[in-house]
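Have the viewer open as you read.

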Number of protein chains: 2
Amino acid sequence: LGSGMFVYVRKLLQSMPAYDLALLLESSPAKSRMILWQLVDADDQGEVLEELSEEVRKGILKSIAPEELAEVTEGMDVDDLAEVLRTLPDSVYQEVLSSMDSQDRGRVEAALSYAEETAGGIMNTDTITIRPDVTVDVVLRYLRLKGELPESTDSFYVVDRHDRFIGAVTLATIVTTKPDVVVSTLIDSDIEAIAADMPDTDVAQLFERYDWLSAPVIDEQGHLLGRITVDDVIDIIREDAEHSMMSMAGLDDEADTFAPVVKSTKQRSVWLLVNLCTALFAVSVSSMFEDILGQLAILAVLNTLVPSMGGIAGNQTFTLVVRGIALGHIGDSNAKALFTKELSVGILNGVIWATLIAGIVTLWRQDIMLGAVIGFAMMVNMMCAAIAGVAVPLFLKKMKIDPALAGGVILMACTDVVGIFAFLGTATLLLG
Amino acid sequence: LGSGMFVYVRKLLQSMPAYDLALLLESSPAKSRMILWQLVDADDQGEVLEELSEEVRKGILKSIAPEELAEVTEGMDVDDLAEVLRTLPDSVYQEVLSSMDSQDRGRVEAALSYAEETAGGIMNTDTITIRPDVTVDVVLRYLRLKGELPESTDSFYVVDRHDRFIGAVTLATIVTTKPDVVVSTLIDSDIEAIAADMPDTDVAQLFERYDWLSAPVIDEQGHLLGRITVDDVIDIIREDAEHSMMSMAGLDDEADTFAPVVKSTKQRSVWLLVNLCTALFAVSVSSMFEDILGQLAILAVLNTLVPSMGGIAGNQTFTLVVRGIALGHIGDSNAKALFTKELSVGILNGVIWATLIAGIVTLWRQDIMLGAVIGFAMMVNMMCAAIAGVAVPLFLKKMKIDPALAGGVILMACTDVVGIFAFLGTATLLLG
């Protein structure tokens, strides 16, 4: 690209599907990204925008003039368009809206009236509706007249004359039924309508549970608003699963791998600041034992061992619980059983590792008391790690705070402080 | 449940869909789980087995006699049945196979002949095939005769007389086309056939890329073998995303939240052992500086601060890179740009946190030299964290080792050792 073969690159980009183009843009450092974007065919730009992750998209949208943007977004799906518009500053947003034709504008405004992470926010409005009293033959003739179905159409929605949702009839049923059968007798009771304000993660769970390919969305009065398709649900599932992992490292799950340096540094500093506070707290605990540390330098050498093992054990329990909460395996009714189990694992872990480490230290320094002290501290910290690993995420969930985000730091603070306290405290009592 | 209301519970269980039953079983401690399983209606047991995660399923299968198992698995989808059989010991497996009727056995054996994590391993064999020379009208009449379509059917596969795959025609095209059109002219070129030995994660990526609902699977000679549906792909995507998070804590991604205590302890001990080794390595580095630690107890107090901050910063870079690799954003061509970016973030981070910590320590102990020493060590460790955060996962990927699994420990060992070395080493030179 550096060698200026623009014409060649432009041709290459033209032949790539939108998903691949988006992948290429996300894999490019900021500068090459803007050059590549300029080379993407104007007709494809809308589709590529749909596929990009939020942060990368924002960066690109900043560089586009509002008039141009209206052109780019032409032909985008309503749900994706609404998502794009949401990320724009208000002034640009109004300009883009006013440069659309009135029908498109109406549909986008309807989609925008629902919150981003609800069924209403992810639905499309391109449904095919039929009346309950027509026959299969009429439906087939209507479809032939239409000539094309919206993408991923696997069912039609039966509505009354006030556009109220009655039920869904699958395409599979239509093609396997005799032409003279009336539609109202073919309604599939397995397909339920989704309320427009349902959170998108609940929608994803329904899709997984019933293996749906699409589902109708209705308002409070039961009017059909649109439909959600399984491809949108896949995006939600992926984001959802990534969310826990990224949160645990204190990162935004839409974080751009190639964000500018200053921006990345800013995003990460919050987490480092929180860690600095907890680390300083652990340091202040250590400083209470400065006397004994001055007397016995070996304690200073071994001081990191107990917190480190406790941190790993705690993190294992914590990760398991966070996943369990995310999958809906853990609730009030089985919290006690989980607690008992993890505490048992913690005690067993404690016995094993305390014995091993006590043995190693005793052999190394020829000092049984020192071995006993570190073994005891390890035992205490392993039990504390198990208790905190279960209690911290469950407590945060009760407080309606995301356990994946805040839990890791709190847990580490617990195992660090308890580890240092148990080790240096016991040492002061027995060796001081 | 404890109060013995078996009849009531049995009725309750009967009214629940299989997905909910599976969720209930996974959320139950081992003992109640077996009681609940006994109460599940025999007809539903197969479906519930399909929905369970691998480890929970294994536990339940152990308790079922082979003859019973053949009954339970009747009516299961071929791909799910193959998955269940794979987890059985060989003797049981043969018994179950031999108690099936010959047609079922043939289909299952075909599915079993492909590796578990390939397209062949996740496909179903219930495809609808049509000949290229028939008209739409003939297809419709055939479908009406059939009366029902396999679940999630959105397209039919056109094959020649040797069962070789020619192309796919969507159900949407069939219903929107005039009855006298010949099928061979309707083939949808967007739907590609998948080779049976393609890894399942690649299959998932194709589905995401092209928003497919189902796709045909062929063997090396181009014969149609079956089809993969989007619901199986969703499972792969979820497992894949969970995998990174669980691996980072050294856990199996199918780990059972309510596994027996001894089993859980065993699973977790590998990781704790690895950590013990790296922690002992860090301790041995510390012990090289026992002299200066004996002279200045404050060094012992502050010794955890630099490794802790480096660990967090390194883990942020590491998580971002692991996700980037999983999403396919990071390859050979942009590794250098990523490296430059993360090193810049590391230097900027280093300047910020080194200054802050140097300031805090100087004010606290009224000792500018001590502040300078810890500031310098922090600067060095932040840069090391950035370099290791990028280099470790990329190197492991090159070695074909899962970066998420082994990377975290290696990274922590780097930041711990470099942190201790930089802090205590500089202290020995300047303060000793």
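## A helix pair in chain A

First off, keep in mind that this is a predicted model. Two packed helices are described by the angle between their axes and the distance between the axes. For H19 (residues 335-365) and H20 (residues 368-398) of chain A, the axes cross at roughly 155° and come within 7 Å. Angles over 145 degrees count as roughly antiparallel, so H19(A) and H20(A) are roughly antiparallel to each other.

As for handedness, H19(A) makes a right-handed crossing with H20(A). Sort the residues of this H19(A)–H20(A) contact by type and you get 23 nonpolar, six polar and two charged.

## A buried loop residue in chain B

Over in chain B, look at the loop between helix H17 (297-302) and helix H18 (305-327): that's where B:Asn303 sits. Its relative accessibility is 3%, so B:Asn303 counts as buried.

What is B:Asn303 in contact with, leaving aside its neighbours within four places in sequence? The list is B:Ser286, B:Ile420, B:Phe423 and B:Leu424.

## An exposed loop residue in chain B

The loop between H18 and helix H19 (335-365) of chain B holds B:Asp332. With 66% relative accessibility, B:Asp332 counts as exposed, because the cut-off for that label is over 50%.

Technical notes: Residues numbered from 1 in each chain as written. Chains lettered and ligands numbered in written order. Predicted model: local features only at pLDDT ≥ 70, side-chain atom pairs only at ≥ 80, totals over all residues. Heavy atoms only, no water. Axes fitted to C-alpha atoms, helices over the stretch in contact; angles between N-to-C directions. Helix = DSSP H or I, 4+ residues; strand = E, 2+ residues; numbered from the N terminus. Parallel < 35°, antiparallel > 145°, perpendicular 65-115°, else oblique. Left-handed = near helix turned anticlockwise from the far one by under 90°. Nonpolar A, V, L, I, M, F, W, Y, C, P; charged D, E, K, R; others polar. Buried < 20%, exposed > 50% of the residue type's maximum accessible area, 1.4 Å probe, protein only. Contact = heavy atoms within 4.5 Å.
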